[in-house]
Amino acid sequence: MNQVSFIGEYMNNPEWTEITLKESYARWQDMVAWGVEFYKYDDGEYVWWPPRPPEMLAKFPMQSIRMVQRKHAEVCRSQATKTGVNILDRVMIADLLKQDGKVVGAIGFSIESHDLYIIKAKATIMSAGASAFKPNGTPLHVITGDGEAMAYRVGAEITGKEWNDCHPSRAEFPAWQWSPRKNLSTSKKDDFGGLPSKVNAEGDLFADGQSVTLYIEDVHEADAGRAPVYWQFGSGTADYHDLVAGPEGLPRNQLDLDAEQEGKVRMVVGSSLGMSVHNTEGIWPINTKCATSIPGLYAAGDSLGARPAGARYPNMGFSTAYCSATGTRAGVAAAEYALQTKKPIVNEEEQMRVKKILYAPIERQGGFTPGWVTQILQNTMMPYWVLYVKHGERLQATLKQIEFMRDRIVPKLTAKDAHELRLAHETKNMILGAEMKLRASLFRTESRGTHYREDYPLRDDPDWLAWVKIKEEQGEMKLHKEPIPEKWWPDLSKSYEERYPLRFPRE
Ligand SMILES: Cc1cc2nc3c(=O)[nH]c(=O)nc-3n(C[C@H](O)[C@H](O)[C@H](O)COP(=O)(O)OP(=O)(O)OC[C@H]3O[C@@H](n4cnc5c(N)ncnc54)[C@H](O)[C@@H]3O)c2cc1C
C-alpha cells in the first residue's frame, strides 16, 4: 500500500489499492482453475516479477507473477462461453443508449458489413480499455478511448487525463513485440540483471532499472540534448535474455548493431502517446461497486478510473490485478441492479438519434478521411513539448488546434466502408480524448509524477492533493477539483524532498 502511494505521489485512492491487492488473489485462483498458465522457475516456484535484490525488495516489496502471454484470452473466452455468455465478434460499439436519465444499452455496427446492432440492456458495463492516439509502438491500436468518450457523451464523469503512460518502444523496430518470454530466465532465480538500467548518449546512467517504472526521465534526457537513450542490460549477454538481439532477417541500423555489442537497446518514449497511467484515468465510479454517476452504467478494467494507482504506475502486473478485481465487482453489481430493473424500453426517437450519428460518416459524399485526420492529430499531440514537458502557453496553443478539429473537421469525417466507419468513430473519440488531456493538464497548475509543467515545476501540497474530474455541462467540457481526503495525504510535516525524492528538471 505504501509503495503505491509513494510512487503515485499520493494521487491514488487507497480503498481501491487495497481492493486490487486483496481481490486479485481470488481472480488469479480462478484463472489457474480455468487453465491459464503462469511461468515457473525450474524448481517449480512461480517466477516473481520484477526480480529485485533483497535491499530493493525491502523498499519496494510488491511483486507479481508472470502470466504466459497470448494464451489467456482463449482460455477466458472459452470459460465465458461455457457460462452462457453471448459474444458478438467484430462489432464496434459507437454509443450508449440513454432513456429517462438511465443507460439502457448500446448501439454499434459490424466492422465487416456495417450492419446495425441495437443492444437493449438493463445494465451495461463499459470495459473498452484505455485511451491512446494510435502511436506506432506498444500495442495500443485498439484503445482509442471509445469507452470513456461514450460515457462522457451520456453525462458520466471522467478522471485522470493529465497523467502520462511512459511505455517505451525499441527505436529501431517500434511495433515489434520482442519475444513473448521477454527478459525471463527460469533457471537463474537470484540473477537480478534482467531489468535494464538506462543510459544516455553521453554514456551516463540516469535510472537504475530497479526502482522506477514508467516515468518520464527519458524525455528529460532528450530535452537536455542527451538523446538517444538506451536500455542497458545487466549482463549484456543474449544468453540471459533474448531481448537485446533484434529481429532476425531485417535490415539493421549500424547505430543499433553497435549498441547491441554493449548490451544496449535504443529506446523511444512517447510510443504510448495519449494513454494515462493505467487505472488512474477513466470513468469515475460513485461507489466501490463500479457504478458510475449514470444509473445503469457500470465500468471495469482500464475504462474505470477508480485510481488504485496514482500519478505514476506502481509496479508491473498491477493493472491486470485491478482489471480482474473490478471486472468481477462490476459484474456482480450490474447483475444485482439488473435483477431489480424492468426490461428497458428505448423509444424510437433515441434509436433514430444515435443511428443518425453512427452512420453519418458513411452517408456523407465528401469530407476528411479518418486516416488523414488521425495523422494530423498525432502530429499535433506527439511533439514531446506538448504532453511530456508541458507549459500553459503550449497547452493553450495545442488546444486551439484540437478545438478546430473538434468543430470543423470531426463533423465532416467520411468513410467509404465499414472499416473506415470504425476509424471515423475512433478518430472522433481520440480528438475528444486529446481535448480532455489538454484541459486537465492546463487545470492542474502544479507538477506531479508524470504530469510535468515547466511553468509550475513543484508539487503543490495541500492545494493539489486533489483529483480532476471532467464532465459535459450544457455542451461544454467542465473541469472540477475533487479534494483527496486528508487521511490519505502524505505526512506534511516531512520535508518536500523527503515526500518527493524524484526531482523535476526545473525544480
Ligand atoms: C503496452 C502495454 C503494456 C502493458 N503491460 C502490462 C503488464 O506487464 N502487466 C499488467 O498487469 N498490465 C499491463 N498493461 C495493462 C493491461 O494490459 C491493461 O490494464 C488491461 O489489458 C486492460 O484490460 P481491459 O479488459 O480493461 O481492457 P483491454 O484489454 O484494453 O480490452 C478492451 C477491449 O475492448 C475493445 N474495444 C475498445 N473499444 C471498443 C468499441 N468501441 N467497440 C467494441 N470493442 C471495443 C478492444 O478491442 C479490446 O479488446 C499493459 C498495457 C499496455 C498498453
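Author: Begin with a definition: helices and strands are DSSP runs, numbered from the N terminus, and two strands pair if DSSP finds at least two bridges between them. The model here is predicted.

Reader: How many residues lie between β4 and β5 in their hairpin?

Author: Five residues lie between them, and His 114 in that turn has a positive phi of about 50°. The two strands run antiparallel, with β5 covering residues 116-120, and are joined by five bridges. Within this pairing, Ala 106 has Ile 119 of β5 as its bridge partner.

Reader: In which sense do β3 and β4 pair?

Author: Their pairing is antiparallel, over eight bridges, β3 being residues 91-99. Asp 95 is placed opposite Ile 107 of β4. This hairpin has two residues between its strands, and Asp 100 in the turn has a positive phi of about 50°.

Reader: Why is β4 described as largely enclosed by the rest of the structure?

Author: A residue counts as buried if 20 or more other C-beta atoms lie within 10 Å of its own. Seven of the nine residues of β4 (residues 102-110) are buried, so the strand is largely enclosed.

Reader: Which element gives the most to the shell around the ligand?

Author: That element is α8, with three residues. In total, 22 residues surround the ligand, and Gly 129, Thr 138, Gly 301, Ser 319 and Thr 320 are the closest. The shell comprises nine nonpolar, eleven polar and two charged residues.

Reader: Where does pLDDT stay under 50?

Author: Where pLDDT is low, the predicted coordinates should not be read in detail. Here it stays under 50 over residues 236-240. The mean pLDDT of the protein is 91.

Notes
Residues are numbered from 1 along each chain as its sequence is written. This is a predicted model: local features need pLDDT of at least 70, side-chain atom pairs count only at pLDDT 80 or more; totals for chains, interfaces and linings use all residues. A residue is buried if 20 or more other C-beta atoms lie within 10 Å of its own, exposed if 12 or fewer, and partly exposed in between; C-beta atoms are placed from the backbone. Helices (H or I, at least four residues) and strands (E, at least two) are DSSP runs, numbered from the N terminus. pLDDT is the predictor's confidence in each residue, from 0 to 100. Two residues are in contact if their C-beta atoms, placed from the backbone, lie within 7 Å. A residue is near a molecule or strand if its C-beta atom, placed from the backbone, lies within 6 Å of it. Ala, Val, Leu, Ile, Met, Phe, Trp, Tyr, Cys and Pro count as nonpolar, Asp, Glu, Lys and Arg as charged, and the others, Gly among them, as polar.
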